[in-house]
Amino acid sequence: MSVAILRQGDYLIASIQSDLSDSEVIELRHQLTELVGRHRSRGIVIDVAALEVIDSFVTRALRSIVLTARLRGAETVIVGIHPDVAIAMVQFRLNLEPLRVALDLDAATALLDRLTQGDARDGR
Amino acid sequence: MDQEPYQAAADEESDRRAESRATADEESDRRAESRATADEESDQRTESRAAADEESDQRTEDHPASEASDRRTDGRAARPSEEADSLLQELVAYLRECRSELREEWARRISEAELLGVMSDEEIFSEATEVYDNYMDALETGSTETLETYARELSERIIPRGVETHEVIGIVLLLRDVLARSLFAKYQQDLDLLNRILDSYEPAANRVAVTVGVSFVEERERVIHEQQEAMRELSTPVLQLRDRLLLLPIIGVLDSARARQLTEQLLGSIQENRATVVVIDITGVASIDRTVANHLVQTVEASRLMGASTILTGLSSEIAQTLVDLDVDLGMMKTVGDLQGGLVEAERLAGYWGRDGSDSIGVEN
Amino acid sequence: MEDEARAGEQGRADEVRVAINDDADLVTARAEARAMAQRLGFPRPDPTLIATAISEVARNIVVHVGRGEIVLKPFEDADRYGLEVIAIDKGPGIRDVEAALRVDYSGRGGLGLGLPGARRLMDEFEIASDADTGTTVKMKKWRFRDELARLREERRRRA
């Protein structure tokens, strides 16, 4: 599996190591939802810096992780979207509605802290 | 972060893209055509030889000037081509004969009309000689290729010196007139012949004028865009104002190539500086169109995907109105009236982020 | 099939064929497309846009047909050159091509085949599909030879 998943306190940090096939993306979703339950994690950070393409399938998978994790009590933040990938996603006009993004792990955990402490008034 | 569906961005553009496939082909067809005009011309000449006799019969019966001009506007296919061909040869021979005299007359009229003021009389005379000879060749052969090459080289030489489009077109039209006058003078005794001579002369002369004019304008366009490119490289700095706070002041004309370049530069800088807030100031942008507005929206959205919030400042009332009229979806854009206000807001946002991030976590950067 | 793709690459330096049989082949197709785009001199972010578009059409092959092929080749014409992508399958065809291309403003895109999105990422997009011969998607990304050619194109788009 080319994803490393670490536990850091209340959060799970999933760090993608290389471009993923669709089955690996599905596997990641599966693992994350299971781990959230096992560790009662309150947040997930997915580092997608290694993904050279975020297409409709990956976006759907990410949204599905966000929504599933939320049902299990965890918020998800995506970090490390490559500039070119960001442009492609915008031009593709993918539906990114429930996705939260942050620049790096630092910002992501800060965001999760706010979200999980109920301090999410401005929705960020 | 609050993510809205990425709806309004570049919908139009995609439609236009599909269409542009067809137009691109048309374009290259059109170009191939215009290049082939010269050949066609000579084909037509040989093809319609049979029709030539009939035509000239008709013409001896009634040859008022009006008829002659009707015939001209009818198009070249209807022209008696063999005769036209020999007339053209005749008039070219005559114009070559009078070369030094007409060339001088032309140069005189150029300075009279105060054209090419930036050039000395000697320069004008030497270019005039070249143009004259090229002009004759073009009239004679019907091929504008050599002339086109010469016109481009000439343009390359004189554009940096500030010669204007109207001057170039002006001098070519002057030459056309000088030559036409000399033809009037020579053939004034025989109006019918004069008409036929002009039938041959005018389309050829006009083609020459168009060739020179277009070559000049295209060359000028090329120079201008080279300069624009150079300026573009220089004119898009992304400034780091504070830790994690970037300022992108946009000055000048925004077209989609530049907007695209700005986007790339900005996203790269966000990554490099780990910026969380970006202020895009467009005080220095005079106008904006739909394509560029959509680019701007895309830039903001892409920045957001990288984790940076964007504040847009300095929208002139004109641009604000345009954006509203164009129905550009600015729902996700945070706008602040002026740069100063934008920076205050940016610091507030960045401070908020910084405090939150470093205080509670303290993860290494 | 992987070997076939390699052989194609060696046989004709200007063309790369990637057999699409399962989702792992998408990764190969994306990587090949990116490599060729970079070789052809496409600036950022174009290689990523091309790879994303290819990912979509290749996935449609895997999901809806099972097997097919992606052909990548450089093209050239009067004032531009670039990369052409041809995605071929011998499947049952798309019943309603129009619907598959329709822009759905929710961003989910027509029939969910990702085609409107792929089209937006490329400069040209054509699709031919019927029950007998399967589906062929042809896409192109352009590079202009010079700045004037690009400006002319831009002007035409605006007109």
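Figure 1. Among contacts in chain C (heavy atoms within 4.5 Å) between residues at least 6 apart in sequence, 56% join residues at least 24 apart. Chain C contains six helices and five strands, where helices (H or I, at least four residues) and strands (E, at least two) are DSSP runs, numbered from the N terminus. Read from the N terminus on, the order of these elements is α-β-α-α-β-β-α-α-β-β-α. Chain C has 159 residues, of which 55% count as buried; buried means under 20% relative accessible area, exposed over 50%, and partly exposed in between (1.4 Å probe, protein chains only). This is a predicted model in which local features need pLDDT of at least 70 and side-chain atom pairs count only at pLDDT 80 or more, while totals for chains, interfaces and linings use all residues. Residues are numbered from 1 along each chain as its sequence is written, chains are lettered from A and ligands numbered from 1 in the order in which they are written, and side-chain values use heavy atoms, with hydrogens and water left out.

**Figure 2. The interface of chain C and chain A.** Chain C gives 25 residues to the contact and chain A gives 22 residues. Together the two chains bury about 2,000 Å², 47% of it on carbon and sulfur atoms; buried area is the accessible area (1.4 Å probe) that two parts lose on being put together, summed over both. Asp23(C), Arg59(C) and Arg120(C) supply 24% of the area that chain C buries against chain A, more than any other three residues.

Figure 3. Five salt bridges are counted between chain C and chain A, each being a side-chain nitrogen of Lys or Arg within 4 Å of a carboxyl oxygen of Asp or Glu. One of the salt bridges joins the side chains of Arg34(C) and Glu52(A), at 2.9 Å from N to O. On the side of chain C that touches chain A, the elements giving two or more residues are α2 (23-39), α3 (46-65) and α5 (115-121). The largest share, seven residues, comes from α3(C).

**Figure 4. Helix α3(C).** The 20 residues of α3(C) should span 28 Å at 1.5 Å a residue, and the end C-alpha atoms are 28 Å apart, which agrees; the expected span is 1.5 Å times one less than the number of residues. Most of α3(C) is covered, with 16 of its 20 residues buried.

**Figure 5. A salt bridge between chain B and chain A.** The side chains of Arg244(B) and Asp106(A) form a salt bridge of 3.8 Å, N to O. The pair crosses between chains: Arg244(B) is in the loop between β1 (239-242) and β2 (245-251) of chain B, and Asp106(A) is in helix α4 (residues 105-116) of chain A. Arg244(B) counts as buried because its relative accessibility is 13%, and Asp106(A) is buried as well, with a relative accessible area of 9%.

**Figure 6. Salt bridges within the helices of chain B.** Arg96(B) pairs with Glu140(B) in a salt bridge, the closest N and O atoms being 3.1 Å apart. Arg96(B) lies in helix α4 (residues 81-97) and Glu140(B) in helix α6 (residues 121-141), so the pair ties together parts that are 44 residues apart in sequence. Arg96(B), at 34% relative accessibility, counts as partly exposed; Glu140(B), at 26%, is likewise partly exposed. A further salt bridge links Asp192(B) and Arg196(B), with the closest N and O atoms 2.5 Å apart. These two residues are four apart in helix α9 (residues 191-234), and are therefore separated by about one helical turn.

**Figure 7. The surroundings of Thr313(B).** Thr313(B) belongs to strand β4 (residues 309-313) of chain B. At 0% relative accessibility, Thr313(B) counts as buried. Its side chain makes a polar contact of 2.7 Å with the side chain of Asp281(B). Not counting residues up to four places away in sequence, Thr313(B) touches residues including Val279(B), Val336(B), Leu339(B) and Gly342(B).

Key. A polar contact is a pair of N or O atoms within 3.5 Å; within protein, one must be able to donate a hydrogen and the other to accept it, and residues adjacent in sequence count only if both atoms are side-chain atoms.
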